[in-house]
Protein chains: 4
Amino acid sequence: MHDFRSDNVAGAAPQVMTALAAAASGTASPYGNDPWTARVTERLRAIFETEVAVFPVATGTAANSLALSALTPPFGAVLCHHEAHITTDECGAPEFFTGGAKLVPLPGDHGKLVPETVTAHVARAGVGVVHRVQPAVLSLTQATEAGTVYSPAELAALVEAAHANGMAVHMDGARFANAVARLGCAPADLTWRAGVDVLTLGGTKGGCLAAEAVVFFNPAMAEDFGYGRKRAGHLVSKMRFLSAQLDAWLADGLWLRLAAHANAMADRLAAGLTALPGVTLAHPVEANELFVGLPAAYAEALEAAGYGFYRWDDGTARFVTAFDTPAAVVDGLLDILQGLKEKA
Amino acid sequence: MHDFRSDNVAGAAPQVMTALAAAASGTASPYGNDPWTARVTERLRAIFETEVAVFPVATGTAANSLALSALTPPFGAVLCHHEAHITTDECGAPEFFTGGAKLVPLPGDHGKLVPETVTAHVARAGVGVVHRVQPAVLSLTQATEAGTVYSPAELAALVEAAHANGMAVHMDGARFANAVARLGCAPADLTWRAGVDVLTLGGTKGGCLAAEAVVFFNPAMAEDFGYGRKRAGHLVSKMRFLSAQLDAWLADGLWLRLAAHANAMADRLAAGLTALPGVTLAHPVEANELFVGLPAAYAEALEAAGYGFYRWDDGTARFVTAFDTPAAVVDGLLDILQGLKEKA
Amino acid sequence: MHDFRSDNVAGAAPQVMTALAAAASGTASPYGNDPWTARVTERLRAIFETEVAVFPVATGTAANSLALSALTPPFGAVLCHHEAHITTDECGAPEFFTGGAKLVPLPGDHGKLVPETVTAHVARAGVGVVHRVQPAVLSLTQATEAGTVYSPAELAALVEAAHANGMAVHMDGARFANAVARLGCAPADLTWRAGVDVLTLGGTKGGCLAAEAVVFFNPAMAEDFGYGRKRAGHLVSKMRFLSAQLDAWLADGLWLRLAAHANAMADRLAAGLTALPGVTLAHPVEANELFVGLPAAYAEALEAAGYGFYRWDDGTARFVTAFDTPAAVVDGLLDILQGLKEKA
Amino acid sequence: MHDFRSDNVAGAAPQVMTALAAAASGTASPYGNDPWTARVTERLRAIFETEVAVFPVATGTAANSLALSALTPPFGAVLCHHEAHITTDECGAPEFFTGGAKLVPLPGDHGKLVPETVTAHVARAGVGVVHRVQPAVLSLTQATEAGTVYSPAELAALVEAAHANGMAVHMDGARFANAVARLGCAPADLTWRAGVDVLTLGGTKGGCLAAEAVVFFNPAMAEDFGYGRKRAGHLVSKMRFLSAQLDAWLADGLWLRLAAHANAMADRLAAGLTALPGVTLAHPVEANELFVGLPAAYAEALEAAGYGFYRWDDGTARFVTAFDTPAAVVDGLLDILQGLKEKA
């Protein structure tokens, strides 16, 4: 099957697999006291050009929820876009990890929040009123669930709105690599220089097997994180196998090259699709996801040909490209539709 | 370093690595809807000779805590040996996952509980009294933290005491393979035929990278487990990489051969050590762990030679062998002590 | 101050105080094993014309949250009106008690939900999908936060939508007495005959000091409730003092007479206000709360005269009458505005 | 029935009832913004001779659990005597409120801990080790569950052991009044001057209906307490009715006079019982509880005569006196046994 359903249907990058194989023999101290984990921290320090506290975990849900639980008390509120993964697709994990904090879904075009929405919510949230959950975290997704990206300036304005109201800022970076690759700016510009406090950096979708890193730009915030991670069953004993993935993925810019490829395949697909009559983009294509209005005949033809993608009742379809999507598969998909158009 | 500190300092078995490499390319459905995961369930069905519901997760702490949370309400009590990993080494993970159930540590020689201890506790626990947490689970560790094993008859008697008092039975099987390999009986005899309700089957210590399976022998008990796993961030998206490990490990009895090797190395070490004057076994060696009274001169000589192991103030030392411990390393260790003895 | 801010600024009814005084001497078994508590259950059985399981607690937030925690697993969703007290004014108590279930605020005119809203939400909620919280409870408020009431037919339709989708139905009845008094129908018609599973019956606002009762119409659902209540610190040791309040309040229809008075005062106030130019009702007045569009001059005159009520930026004001609001105080308020009008 | 089962079988003191009646009419701001609550804080400031932050709640379980949740993170351990109410009789409430912290029961004669036990536990607790729950709170009960009291010097030594190890100190003062009345020292000497951080001061057993106060001697520790209390459903809306009880109870030393009476009745009972052959005290009688070895014939005679008290299988019986226990009832009990002795 030519599968565009998600970037988690992909396997793992060869460089990651090679590193894993190399890590398999010999003894190593468990629980992160190993050279691979130390190297990951070093790499992230260099990549982000600042001190960081780094915690590898196996899933994005864990990374997000653990990060949030470090930023909010149980009586806190986590503001996020209403389509954010943390509020729609994690079965209440943030609520579980935080001891019952409340996720507050906010509206915004193309998957993005704007500062005014944040400020307006806080203004009516009852800050200091004991009957109300207290705004504690602003969680931003970069790249967003709509396949768009925040610019550094957009981020900085959002962070300012959050910080001005005493909120910490979390970034769900399941596709952070795609955003960096697209914007071409320094990772620091999209995170701590814009004021982001904690990033959950996703490796899984980008070419790892199962590896994410929670990255604190203010290590003091991470003081208790190790206990929370252990207590949640997310401290892997043979940590080298988690860290070896990240180590290879972060080495020599591989993570950005892989993301750039996924982005390029999304662009290629978008260019081909929008050249067809009746196909419209629901959102700008700024990372590796496309949301398109797709005529039913097209959708059915692709399904008949074995292509995987998501369709909604309203005629929208989602295609996600990955670090290893072959250009030929994209072109094959487009050929089918092109053929259909010519027949019509 | 020749490292006997734990079996989690070991790497991964070559067969597991090969399987992982083979799983790395191509697309696959995420979240367990893949052939590897289906195969793991099939294998466990065959190994345990019964219907099972299987949930792979990455850590033993997660496996234990999720299993317990399926068996106890928040107001329940989980009875366990006072040295059980769940109560001493998981930073309160069971309390977190269960919504605050209480772990009740009970005494027992050589890491093992006996039915009388369970029954006596329940008798004074205030069953039905609203002020008291209610005995809900008996958690047994097989092999135990003391490196001993329960026989099928011992298990059956314990389970009977638990079931007679309305408790479910969980088995922490981080080293279940070692117990099966030692006892030579059917896996079913050590679990559901003895009445065990849920097993957390450990693959990590036995040769996987990070893979455990929660195995329900009564699938009806697992009805909500999937939600709990997701919510705890333990549903790995590229599940094939977790399942491929277990698939290879369980294939053709590899898991038992690896465990048998670890056990044999423990026996070899025990035989050599107890032949030395002044060395005593604190517990029978029935799996892959040795607890020995070790004269300080011996301990210091080993440390000086770079051998890793744990020492306590009372003169006890712990050595753990692994699936890949070379006989030569065991013999080298013994040679050092033998030399010391001859000099003395 | 003539205080219309809320019905919780009122004191307690003389009959309740008398009963409390009578309960103060002599010994009684603690924790609800006393004649007062037995009598409360008997009274509610008679009032609701069915078997009930009854649990008195001291606050409405506790009553709501404990009831919800009996109906939803931690991975469940509780659907409610977006202005429901449980989602806006309890500082996340339901999340705390349920182990992190998610409250889903739904829209609806005049504080009321309609079945279509419930059904539409469930249709897109991902029932059975492990990534999504699962719709578990529909929570309805009677009388609503907008001072309106659901008719038995409206309730039945909502309950049907909930039950058809596997959800239990909770009713927040902080002002249930006002609804019954207004509608004049049997309490059973507004609860179990319409399919409601659990009612939190509010006594505090209606003339008690601090007394609510969680009433289960299906006692089997309450099996574990006692543990949850104890564990939350809501099992009062000298329970007689909680139950004596409810006993007196429920005796001989006092609860309905007091509610009818509060309703009548609301009507009186509404009649007087709407006779004034420029005053509009935001919602029908069907219980003891008024939401009115109030010209600023009127609002300021009332504040200057020492009347308490809530004002919002949009010009809306809220007035709440209580079981003991004197007609003279209502008339005095109206006189002030009438005088203002005549001057104008 | 002449009921010595517990001090919670008693009613309420007349002065408390009078104050409650006086509070019943007129309007007052809800949620603690009322004169009664302000007065309670003032009284406690004076009684403890220092700044305090005060939070009235309705039950001791709530007071203890909320206080503990302000002192420990979820990954913390709460050290307490193995018979402490918080670990034996609150159905896991501290675990619930703290998000799953672990209660560590420690041994000690006559219900009392000694510093060496605390220090020894911490030494082996794995401080700083991520696998272990971290000692966060020492909870002391004053008067103890065994009816004994800690002297100021004993308390200071225990607090020192706790503070030296980074733990906060909580005092469960359900019977604090009895301890103060017995020792005759300043309340400050038994609390903050000895280093206690938070006291849960029990009014219920001492003559209130249902009123406890959480008293922080370091108000900074209480910063978030209001949210926790609300979220747990323990913020009573008509707070005046909770505070009026405490206000009357604390006025003019009433709380100590009532406690002194209960203590005197315990002494009277102890003197009479120990004058009988075969009756032994299991613990010194230092508050209002007696634990006695009671010959079966005596126990049966008392039960036959309608006296209430607790008996255990080992022949121990518990008698608890209350603020209103009549001397004549004590003497009547003793007469029965005296008659039995003379017959024998």
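Predicted model: local features only at pLDDT ≥ 70, side-chain atom pairs only at ≥ 80, totals over all residues.

Residues are numbered from 1 along each chain as its sequence is written, chains are lettered from A and ligands numbered from 1 in the order in which they are written, and side-chain values use heavy atoms, with hydrogens and water left out.

Chain C and chain B meet through 18 residues from chain C and 18 residues from chain B, contact being heavy atoms within 4.5 Å. Between them the two chains bury about 1,500 Å², 65% of it on carbon and sulfur atoms; buried area is the accessible area (1.4 Å probe) that two parts lose on being put together, summed over both. Within chain C, the residues that lose the most area to chain B are F75(C), Y227(C) and R231(C), together 46% of what that side buries. Helix α9 (residues 225-231) of chain C gives the most to this side, with four residues; helices are DSSP runs (H or I, at least four residues), numbered from the N terminus.

In chain B, helix α10 (residues 240-250) is largely enclosed by the rest of the structure, because 11 of its 11 residues are buried, that is, under 20% relative accessible area (1.4 Å probe, protein chains only). Among them are R240(B), D247(B) and W249(B). After α10(B) comes D252(B), whose phi is positive, near 55°.

Conventions:
Helix = DSSP H or I, 4+ residues; strand = E, 2+ residues; numbered from the N terminus. Buried < 20%, exposed > 50% of the residue type's maximum accessible area, 1.4 Å probe, protein only.
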